[in-house]
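Have the sequence and the 3D view open as you read.

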Amino acid sequence: MSYYGNSSSGGWGSRRVEYGRTYIVRPKGRHQATIVWLHGLGDNGASWSQLLDSLSLPNIKWICPTAATRPVTAFGGFPCTAWFDVEDISVDGRDDIEGLDASAAHIANLLSSEPPDVKLGIGGFSMGAAAALHSAACYAHGKFANSMPYPITLSAVISLSGWLPCSRTLRSKTESSHMAARRASSLPILLSHGRVDEVVSYRNAERSVDTLRNSGFLYLNFKSYNGLGHYTIPEEMDDVGKWLSSRLGLDRSR
């Protein structure tokens with residue numbers, strides 16, 4: 001089923017969005033959860049699929065898509081893989097709502113054919129984390145920013161070294177209905193950030209957490225790492241694995 005274009009392309013303004021290759025990491029044990037993992041700006045799904053395959057999480061299927069190649073304003077219009085356009089990598093930057101919605105719909109398409117008894121989640125790094133948090137907002141509201149229905153039930157969202165897009169309107173949308181408030185308060189979210197991140201400042205992470213909590217996302221964990229820049233480390237990924245196992249009820253058995 002397609003919710004916004006199709007699984008390989010979709011609407012992005014008047015243009016078509018052609019996504020890159022998707023990499024799949026099959027569960028090594030009983031399939032209990034599927035998580036779409038989104039790479040950062042200029043990267044692809046391959047590198048993250050290799051890292052995720054090395055984690056001791058045998059019950060998770062990982063789907064690692066590659067973003068479309070498009071001009072990025074922050075790079076002076078230079079084209080690279082990006083989930084949406086960005087001018088300023090911060091919560092204060094202009095929000096490319098069409099691009100964010102297109103990526104959220106592509107992610108929903110990737111999750112739409114998973115078995116009904118499998119829990120679904122979205123995670124990402126940097127820009128991928130921002131796209132994951134936008135999907136969390138869409139799930140809570142029950143619709144994309146363009147008002148089309150959001151079709152996926154999420155059980156976990158992870159943001160590594162990311163920021164919250166569309167932060168200025170999140171609270172009003174969450175408070176617009178009891179259903180949105182209920183979904184927001186019950187969705188487990190993990191935000192992790194390095195204190196010396198030179199690309200997405202630590203202050204952006206703090207402001208993202210504050211906005212999420214003030215908007216009713218109460219099931220939220222925030223972990224910071226001293227000395228960590230804009231990359232990940234084994235300690236952080238171990239913490240991600242423990243959090244996922246706990247929140248999703250994974251037995252970690254094969």
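## Ground rules

A residue is called buried when its relative accessible area is under 20%, exposed when over 50%, and partly exposed in between (1.4 Å probe, protein chains only). This is a predicted model, so local features need pLDDT of at least 70 and side-chain atom pairs count only at pLDDT 80 or more, while totals for chains, interfaces and linings use all residues. Residues are numbered from 1 along each chain as its sequence is written, and side-chain values use heavy atoms, leaving out hydrogens and water.

## Aromatic pairs

Rings of Phe, Tyr and Trp (its six-membered ring) pair if their centres lie within 6.5 Å; planes under 30 degrees apart are stacked, over 60 edge-to-face, and the rest tilted. That rule gives seven aromatic pairs. Take Trp37 and Trp62: with centres 6.1 Å apart and planes at 75°, the pair is edge-to-face. Trp37 sits in strand 4 (residues 33-38) and Trp62 in strand 5 (residues 60-64), 25 residues apart; strands are DSSP runs of E, at least two residues, and helices of H or I, at least four, numbered from the N terminus.

Trp62 is buried at 1% relative accessible area, and Trp37 is buried at 1% too. Phe144 and Tyr150 form an edge-to-face pair, 5.3 Å centre to centre with 70° between the planes, and both are buried. Ring pairs also join Trp37, Trp48, Trp62 and Phe125 into a cluster.
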